[in-house]
Amino acid sequence: MLWFAVHLPWLSLEAFAAALDEAQRRQPLALLAEHEVQAVNAAAAAAGVRPGLQRATALALRPDLQFGQADERRDAQALQAVVHTALAFTPAVALDGHSVLLEVASCLRYFGGADALLARLRRALQPLGHRVRIAAAPTALGAALLARWRDDLHQGPQRDDLKALQRLLDEVPVWLLGPGRKHWEALQGMGLQRLSDLLTLPRAGLARRFGETLLDELDRARGTRPDPRPWLSAPERFGARLELAQRAEQAEPLLHAAALLLQQLVAWARARQSRVLAFELRMLHESRHRAGAGVPPATALRVELAEASVDAAHLQLLLRERLARVELPAPTLELRIDCHELRRQAAPNAELFPNRQSEQAGLQRLLERLRARLGDDRVLALQAVADHRPEKASVLVRAAAAPAPSLSSSSAPSLSSSPPPAAAPQGPLPHPAWLLPEPQPLAEREALPLFQGRLLQLLSGPERIETGWWDGDVATRDYFIAQAADGALVWVFRQRLPVRDPAQPLWYLHGWFG
Amino acid sequence: MTVSPDLFAALPEPECLHPALWRAHQLGREQQQPAVASGFAELDAELPGGGWPARALTELLLPHPGVGELRLLAPALAAVQGGGRSVLLFEPPARPQAGTLAALGLDLGHLLLVQGRAAAGGAAAAPLPAADLLWALEQALKCGHAGALLAWLPPRLPPEALRRLQLAAQAHDGPAFVLRAQAALARPSAAPLRLRLAAAGPDELALHLVKRRGPPLAQPLRLALPPALSAPARERALRLAAEQAAAALPPALKTRPRAASASS
């Protein structure tokens, strides 16, 4: 067995400070739990503020000290993200206080050794923005103790050797043991500083005085007692919330906060070995504004991806374009991201040189970006339909999410594959490439259409189209190819029966031969 | 100290020094990327690099949409699609016809449109604002995964917009065409290749090379496009044009052609 313990000594503070901006983070900060300082940042520590002080004492030391409220839910959510990141590496992950324990012996070979795995783990944890201490040991609790104790124990002889671990554990201060912390003063009074001091005492007396759990934990850390652990797993649905430090009305601070949640979302998706298909960002509005003027309690923004992704930067880019278009009815105090739509598939291979597949993926990303900013119905594909009316012979549909080649075969009436492109350039083109959205009426003189003040010369035609009587949109037209004054070819038609109104124009311009 | 003539003889010709150098009477060469053949041999002979340049903007100036621009570009676009890459149309001036494009050799599965108006439902929305259009075009150029781009841009644009697009185009591994109204001819442009298109007759296109990396071309190129007219109809059109030239009268007033409604 080889255990990595990832200890997060400043988890609560970092989870609180994540919602703050850079300048605020450098101010002295302290987290309060029941009027008592629980954690402080470096600026506050420099002024002498220590955990355990009363609120008033801390304020006396540093009058401009900023306070935050400790929040166990917030801590748990931040810890959850670390657990999810770890789950991407090994299915054997357990929690011990603010330490995440990973059993990695079974996946060392896959990741190319403990050092390579460690480097990958650190890299994966980096976007979450926590300072971590990692230790490695053959027992779970041993690794956790070492991680809490010192920063440099991720390698060394204790990683593989139980005897070395036991020697090292002898030096560990006794208060790092969970139950030991409760009896810390009593143990200190008895002159028991290190774990080795405990071992020299008679076990029965020690158990009677401090409880069975102290010895039990000591034995599990030293590997003399089995230490089975329930493995954690990533939940089916992802939900994370973030309370903003101040009211946000603009997209930019919202985006900054949402970036944090997106990192957690990506960690969750990675833990499930899947990729995100769609997620929803909810911006909860201040209750003060909710009462008036029918402001909804929250504004929801659903982001759907054409191709599943676990790239936080890409998700953020999409969210940025979407947020830029959203008008918030009221300031936002809290963000929530929910997601349950994942696609389980192997991650695409990274390629050194661009190939067709990576190109297709890149194009999909481009289309997603365009869609996010311009709107879903602005990115279109062209489809041919079996209809003789030119305005109905091709339709614009939303560009498919799937790779382009499958587009034409997807719907039944489509004919786009029927004219084989290979047999193309022989005969004359039957119809123009450009079709006006609406036929443009032309005046008539001497039985010929008038276009831009000149008579059009009809060169070819008529091509009679008489169809559509079944759907009420009957077209009875004679199409001609005509030449405009400058030599360009245009497509005109003469309305045949029924001409009810003599004032109705007879000739229409319908297309250009582009 | 005199310089012997042998020294000059020993010097290499300037155009051999670096691919970015060429003499005023020569055509520039395409440096990084082979150009995409236009499908018209006469045109390829006059284009630097022997085709439509990749990684650069090509500006086409039209008197109005529909002079034959799609028929001119179709062979190159089909070649790009033949490589499995997509063609993107930005804000086309009218609705493209699927059947005609397929007949021109284009693959509809690899054709995408980005446009503001006439969405799927038929509800005519407004055209895209110029800022959005330029943004979308720049993104497409920068991403480098699109095969070929055609963008119909408004004639009035700040000059830095085109410069920005030209810079973005350097990441785009394929031809990028910007189509604008002829009014833009007088304005400077950052595109290294500019052409003015005009109809020269039935199924014929006159190409003026306004700007290229090479000597100016005095005569416009006349290209025969893939025909829209059948051979008899084309003959009739030419005969009519000759009659009109002979009559030297405004064509619409006197020599009214007979309505060619009998047959084609």
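How many bridges join β5(A) to β6(A), and in which sense do the two strands run? Four bridges join β5(A) to β6(A), and the two strands run antiparallel. The structure is a predicted model, in which local features need pLDDT of at least 70 and side-chain atom pairs count only at pLDDT 80 or more, while totals for chains, interfaces and linings use all residues. Residues are numbered from 1 along each chain as its sequence is written, and chains are lettered from A and ligands numbered from 1 in the order in which they are written.

**The two chains**

- Chain A holds 19 helices and 20 strands, where helices (H or I, at least four residues) and strands (E, at least two) are DSSP runs numbered from the N terminus.
- Of the 514 residues in chain A, 39% are buried; a residue is buried if 20 or more other C-beta atoms lie within 10 Å of its own, exposed if 12 or fewer, and partly exposed in between, with C-beta atoms placed from the backbone.
- Chain B has eight helices and nine strands, and 47% of its 264 residues are buried.
- In chain A, residues 24 or more positions apart account for 60% of the contacts with a separation of 6 or more, two residues being in contact if their C-beta atoms, placed from the backbone, lie within 7 Å.
- In chain B, 64% of the contacts between residues at least 6 apart in sequence join residues at least 24 apart.

**Where the chains meet**

- In the interface, 63 residues of chain A are in contact with 68 residues of chain B.
- Helix α18 (residues 356-374) of chain A gives the most to the side of chain A that touches chain B, with nine residues.
- That side of chain A divides into 41 nonpolar, 12 polar and 10 charged residues, where Ala, Val, Leu, Ile, Met, Phe, Trp, Tyr, Cys and Pro count as nonpolar, Asp, Glu, Lys and Arg as charged, and the others, Gly among them, as polar.
- Strand β14 (residues 434-445) of chain A pairs in the antiparallel sense with strand β3 (residues 95-96) of chain B over two bridges, and the bridge partner of A:Trp434 in β3(B) is B:Pro96; two strands pair if DSSP finds at least two bridges between them.

**The sheet with strands from both chains**

- An open sheet of 10 strands has the order β13(A)-β12(A)-β4(B)-β2(B)-β5(B)-β6(B)-β1(B)-β7(B)-β8(B)-β9(B), and its pairing is mixed.
- At the edges stand β13 (394-398) of chain A and β9 (221-224) of chain B, each with a single partner strand, so one side of each is left without a neighbour in the sheet.
- Neighbouring strands of this sheet are turned by 30 degrees against each other on average, direction ignored.
- Within this sheet order, strand β5 (residues 148-152) and strand β6 (residues 176-181) of chain B pair in the parallel sense over four bridges, and the bridge partner of B:Trp152 in β6(B) is B:Leu179.
- Helix α6 (residues 130-143) of chain B packs on the sheet and touches β2, β4 (111-114), β5 and β6 of chain B, its direction making about 165 degrees with that of β2(B); axes are lines fitted to C-alpha atoms, for helices over the stretch in contact, and angles run from 0 to 180 degrees between N-to-C directions.

- Four strands of chain A form an open sheet in the order β5-β6-β1-β7, with antiparallel pairing.
- The edge strands are β5 and β7 of chain A, each of which pairs on one side only.

**Helix pairs in chain A**

- Helix α13 (residues 203-210) and helix α14 (residues 212-222) of chain A pack at an angle of about 125 degrees, with their axes 6 Å apart.
- The helices α13(A) and α14(A) are therefore oblique to each other, given that angles under 35 degrees count as roughly parallel, over 145 as roughly antiparallel, 65 to 115 as roughly perpendicular and the rest as oblique.
- By class, the contact of α13(A) with α14(A) has five nonpolar, no polar and two charged residues.
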